[in-house]
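I opened my notebook to go through a new model step by step. Here is what I looked up, in the order I looked.

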Amino acid sequence: MLPIYLAMLDGDDEKSKFESLYLTYRKLMFHVANGILNDEGLAEDAVHQAFLKILENFDKVGEISCHKTRNYVVIIVRNVAINMYNSRKRYSAVPIEEAVFCAAGDLPEQTENLDSLTKAVLKLPVIYKDALKLKYVQEFSNAEIAEMLGISEAAVRKRLERARRMLEEILGMEGNSDDD
């Protein structure tokens, strides 16, 4: 597959950079996808789709061997695999039509403590954690996140809103349990 991906890029520098990314992360990506799909053939398809999504935003990939890039490729392949899993099971989360959008607000006051916030983020379901990472760590726009995850911008906004709400609840619960 690598020659196909390389044919989609211009310039030797980009091709070399992508080849490095491919060789560094393909096994990790397969492991992540296979862990979700439990099917090697589907996992290979998920990795392929993930590489295509990465190619679409390849200009935003910085250093290959860094934590940020590793997180990025894992998030992409995990979301592709989850989408494939959900499609196969004909399972859908919450219908977008029922979504109520709220204006983005500030995170609760409890987030002043970064350690508490980090622990709270780790408790979130993967889809919300990924949306937060792509938005606030990777600094992608909602449109870019939607394209990477294969969902609508409305779904991205909803995931971010739910993640914020869940963080408020988690941090609120922790605050209450400290009072006991």
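**Entry 1: the start of the chain**

I began with M8, which lies in the loop between helix 1 and helix 2. Before going on, I noted that this is a predicted model, in which local features need pLDDT of at least 70, side-chain atom pairs count only at pLDDT 80 or more, and totals for chains, interfaces and linings use all residues. I also noted that residues are numbered from 1 along each chain as its sequence is written, and that side-chain values use heavy atoms, with hydrogens and water left out.

Back at M8, I found that M1, I4 and M8 make a nonpolar surface patch of about 320 Å². A patch takes residues with over 30% relative accessible area and no salt bridge, joining like charges within 9 Å and nonpolar side chains (Val, Leu, Ile, Met, Phe, Trp, Tyr) within 5 Å. The areas come from the Shrake-Rupley method with a 1.4 Å probe, and for residues only the protein chains shown count as cover.

**Entry 2: the overall build**

I looked up the elements and found eight helices and zero strands. Helices (H or I, at least four residues) and strands (E, at least two) are DSSP runs, numbered from the N terminus. Of the 180 residues, 41% count as buried. Buried means under 20% relative accessible area, exposed over 50%, and partly exposed in between (1.4 Å probe, protein chains only).

**Entry 3: the core**

Which residues touch the most other members of the largest nonpolar core? I found F18, L21, M29, F51, I54 and Y72, in a core of 53 residues. Helix 4 (67–89) is among the helices that each supply at least two residues, and the largest share, nine residues, comes from helix 4. A nonpolar core is a set of buried Ala, Val, Leu, Ile, Met, Phe, Trp, Tyr and Cys residues joined through side-chain atoms within 4.5 Å.

**Entry 4: salt bridges**

I counted four salt bridges in the structure. Each one is a side-chain nitrogen of Lys or Arg within 4 Å of a carboxyl oxygen of Asp or Glu.

E144 pairs with K60, with the closest N and O atoms 3.0 Å apart. E144 is in helix 7 and K60 in the loop between helix 3 and helix 4, so this pair ties together parts 84 residues apart in sequence.

R78 and D130 also meet in a salt bridge, at 2.4 Å from N to O. R78 lies in helix 4 and D130 in helix 6, so parts that are 52 residues apart in sequence are tied together. Is D130 buried or exposed? D130 is buried, with a relative accessible area of 0%, and R78 counts as buried at 18%.

K158 bridges to E161, with the closest N and O atoms 2.9 Å apart. Both lie in helix 8, three residues apart, about one turn of the helix. Salt bridges that share partners join K158, E161 and R165 into one network.

**Entry 5: a backbone angle and a contact**

I then checked N38, which is not a glycine but has a positive phi of about 55 degrees. Most residues other than glycine have a negative phi. N38 sits in the loop between helix 2 and helix 3, and is exposed, with a relative accessible area of 68%.

Last, I looked at R159 in helix 8. R159 and Y128 are 31 residues apart in sequence, and 5.7 Å apart in space, C-alpha to C-alpha.
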